[in-house]
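Subject: Structure handover

Hello,

I am passing on the structure below, as you have not worked with it before. My notes on what was found follow it.

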Amino acid sequence: MSGIFSRTPKETEADAVYNPEGMIPVHVGIIMDGNGRWARSRGMPRAAGHRAGTKNIRRVLIEAVEIGIKALTVYAFSTENWARPKDEVNHLMRLISQGIRDELDELDARGVRILHSGRTAGVSESLQAEISEAVERTRQNDVITLNVAFNYGGRAEIVDAIKAIMQAGVRAEDVTEEMVSQHLYTPDLPDPDLIIRTGGEFRLSNFLIWQAAYAEFYSTPTYWPDFDEVELRKAVAVFQHRDRRFGKIKDTER
Ligand code: IPE
Ligand code: IPE
Ligand code: MG
């Protein structure tokens, strides 16, 4: 017998078990939040949290490949994060640059294709060059796509798309949703199926606001540096138990 009280969403999520044969999200977006609180909870400076958080990308990426996820977009730095203290901003810039330098060979060897979503304005020329090199070098790789949302804002992305469309001389009546999607930073990536946010908040903070229209949202209180393989499987398990309807009704209810 099934009744409205038989399965609350909460129970379903707590009990969700990962099924390797089940539906696997093709594109997963991760809002890597909680580095600062992770550090503070250990009596360490925020910078140590960002260092641990940057390191954690590797572990989650490897597990994503294992699960069969084809694209991972990680939110590394938002257009709003420039408002943080200069020291913290500089540290985050250095970590990105160092991360590329330390990891590029292995990422390339593992077949990871790197993409960048975001603006280049405000980013130092040397870092811009490092990002371009990473993207160029890994262009042909096809094991998984790692899209780094860096100096990224969803609203900025939509504004940039509108500018490109207008510059192409498209008439207002010819603008379509498909066209907008095709003018975003990563036109060849499918929309994300699942958005994970660590650190416990329930908001998008300007992340993939256009693309996430029908993404499933998952939030965990776990701080990003502690988000491990088990946590990723758990998020996918919850996703597998969601009922995606895309505005339609179920066939069984027709
Ligand atoms: C996420 O961690 C990393 C960035 C936003 C760059 P935070 O630095 O936001 O950590 P909390 O939210 O303050 O704990
Ligand atoms: C979102 O985290 C941005 C990144 C993870 C890069 P924030 O810490 O900046 O988000 P808010 O300020 O809590 O919304
Ligand atoms: Mg935060």
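Please keep in mind that the model is predicted.

The side chain of aspartate 33 forms a polar contact, at 3.2 Å, with the side chain of arginine 37. Apart from neighbours within four places in sequence, aspartate 33 touches Arg197, Thr198, Gly199, Glu201, Tyr223 and Trp224.

Aspartate 33 also belongs to the surroundings of ligand 2, together with Ile31, Met32, Tyr75, Ala76, Phe77, Asn81, Arg84, Arg197, Arg203 and Ser205. From aspartate 33, a polar side-chain atom is 3.1 Å from an oxygen atom of ligand 2. For arginine 84, the distance from a polar side-chain atom to an oxygen atom of the ligand is 3.2 Å. For arginine 197, a polar side-chain atom lies 3.3 Å from an oxygen atom of ligand 2.

The other finding concerns two helices. Helix H3 (residues 46–67) packs with helix H8 (residues 229–240) at an angle of about 45°, and their axes are 9 Å apart. H3 is therefore oblique to H8. Their crossing is right-handed. On the H3 side, Arg59, Val60, Glu63, Ala64, Glu66 and Ile67 make the contact, and on the H8 side Glu229, Leu232, Arg233 and Val236 do. Sorted by class, the contact of H3 with H8 has five nonpolar residues, five charged residues and no polar ones.

Regards

Methods
Residues numbered from 1 in each chain as written. Chains lettered and ligands numbered in written order. Predicted model: local features only at pLDDT ≥ 70, side-chain atom pairs only at ≥ 80, totals over all residues. Heavy atoms only, no water. Axes fitted to C-alpha atoms, helices over the stretch in contact; angles between N-to-C directions. Helix = DSSP H or I, 4+ residues; strand = E, 2+ residues; numbered from the N terminus. Parallel < 35°, antiparallel > 145°, perpendicular 65-115°, else oblique. Left-handed = near helix turned anticlockwise from the far one by under 90°. Contact = heavy atoms within 4.5 Å. Nonpolar A, V, L, I, M, F, W, Y, C, P; charged D, E, K, R; others polar. Near = heavy atom within 4 Å. Polar contact = N/O pair within 3.5 Å; in protein donor to acceptor, adjacent residues only side chain to side chain.
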